[in-house]
Amino acid sequence: DEESDENDILLSLSFNQDGGCLAVGTASGFRICNVHPFHETFRRVFSAGDGTTAGAGGGGIGRVEMLYRTNLLALVGGGPSPRYPPNRVLVYDDHLSRAIGELSFRQRVLNVKLRRDRICVALRDRVYVYNFADLRLLDTIHTCENGLGLLDISTDAAGGGMGVASGGGGMMATGGGMVLACPSVSRGQVRVELYGLRKSVNKWKKRKSYNNIWKLFVRCQMVKTSFFFP
């Protein structure tokens, strides 16, 4: 109702992979809205003490990421009374109204990105890449201090395998052609991982704020050249 909306606190906003839905994290839960036409599809309000996850507190969801229009979402606790500890990512099945998977870290989770085959998590100084099906760790990418949790990945490419090969600094996906962009270990540089080519494009220099250029990497499917940001 309008009264509860006025008393709620907005914590996060994110579009799903095709831009057709908007996910909203609040201090009491989360809401999903259709974009065209714009209307609220559903909301989930969590009460304090009714969680099934150890450490569950209030209802705050600091980050909610959809997987297209499926019933699966990634949730991270946040706000003054977080639903889940802020160092965990919960894979939440809305049909079952419960978490079906969990990733736990020693640092606060700053960002989460989903696609059908991967879960990518940004912490303060690193990014983790997991296989979605079994939450197996595939890659670890070290970054500079990334307090904003800057991270983006390409949406699912048509076709592509799901294989994994070991090489370089760790396990890297060989199929699907995922492209991942995040800060490099050197401040002021961006690292782009081309998983389909088993290649890292390291490091695109720039002199301006990350916020001024980050959207250039959003939804990229393949990167073949480098750019210099004046």
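Tutor: At 8% relative accessibility, Asp117 counts as buried, since buried means under 20% relative accessible area, exposed over 50%, and partly exposed in between (1.4 Å probe, protein chains only). Before we go on: this is a predicted model, where local features need pLDDT of at least 70 and side-chain atom pairs count only at pLDDT 80 or more, while totals for chains, interfaces and linings use all residues. Residues are numbered from 1 along each chain as its sequence is written, and side-chain values use heavy atoms, with hydrogens and water left out.

Student: Which residue's side chain does the side chain of Asp117 join in a polar contact?

Tutor: Asp117 sits in the loop between strand E9 (111-115) and strand E10 (118-122); helices (H or I, at least four residues) and strands (E, at least two) are DSSP runs, numbered from the N terminus. A polar contact is a pair of N or O atoms within 3.5 Å; within protein, one must be able to donate a hydrogen and the other to accept it, and residues adjacent in sequence count only if both atoms are side-chain atoms. At 2.6 Å, the partner is Arg115.

Student: What is the order of strands in the open sheet with E9?

Tutor: Two strands pair if DSSP finds at least two bridges between them. E10 and strand E11 (residues 126-131) are joined by five bridges and run antiparallel, with Val121 bridging to Tyr128 in E11. The edges, pairing on one side only, are E9 and strand E12 (137-142). The order is E9-E10-E11-E12.

Student: Over to E6: how many of its six residues are buried?

Tutor: Leu72, Ala74 and Val76 point one way from E6, while Leu73, Leu75 and Gly77 point the other way. Both sets are buried, so strand E6 (residues 72-77) is largely enclosed by the rest of the structure. The count is six of the six.

Student: How many bridges join E5 to E6?

Tutor: The two strands form a hairpin with five residues between them, where Tyr68 takes a positive phi near 50°. Val64 has Leu75 as its bridge partner in E6. E5 and E6 run antiparallel, and the bridges number five.

Student: How far apart in space are Ile61 and Leu75, C-alpha to C-alpha?

Tutor: Ile61 lies in strand E5 (residues 61-66), and Ile61 counts as buried because its relative accessibility is 0%. In sequence, Ile61 and Leu75 are 14 residues apart. In space, C-alpha to C-alpha, the distance is 6.6 Å.

Student: What about E6 on E7: which residue in E7 is the bridge partner of Leu72?

Tutor: E6 and strand E7 (residues 88-93) pair in the antiparallel sense over four bridges. The partner of Leu72 is Asp93.

Student: Last one: how many disulfides does the count come to?

Tutor: A disulfide is a pair of cysteine sulfur atoms within 2.5 Å. The sulfur of Cys182, a buried residue at 0% relative accessible area, is 8.8 Å from the closest cysteine sulfur, in Cys144, so that is too far for a bond. By this rule the count is zero.
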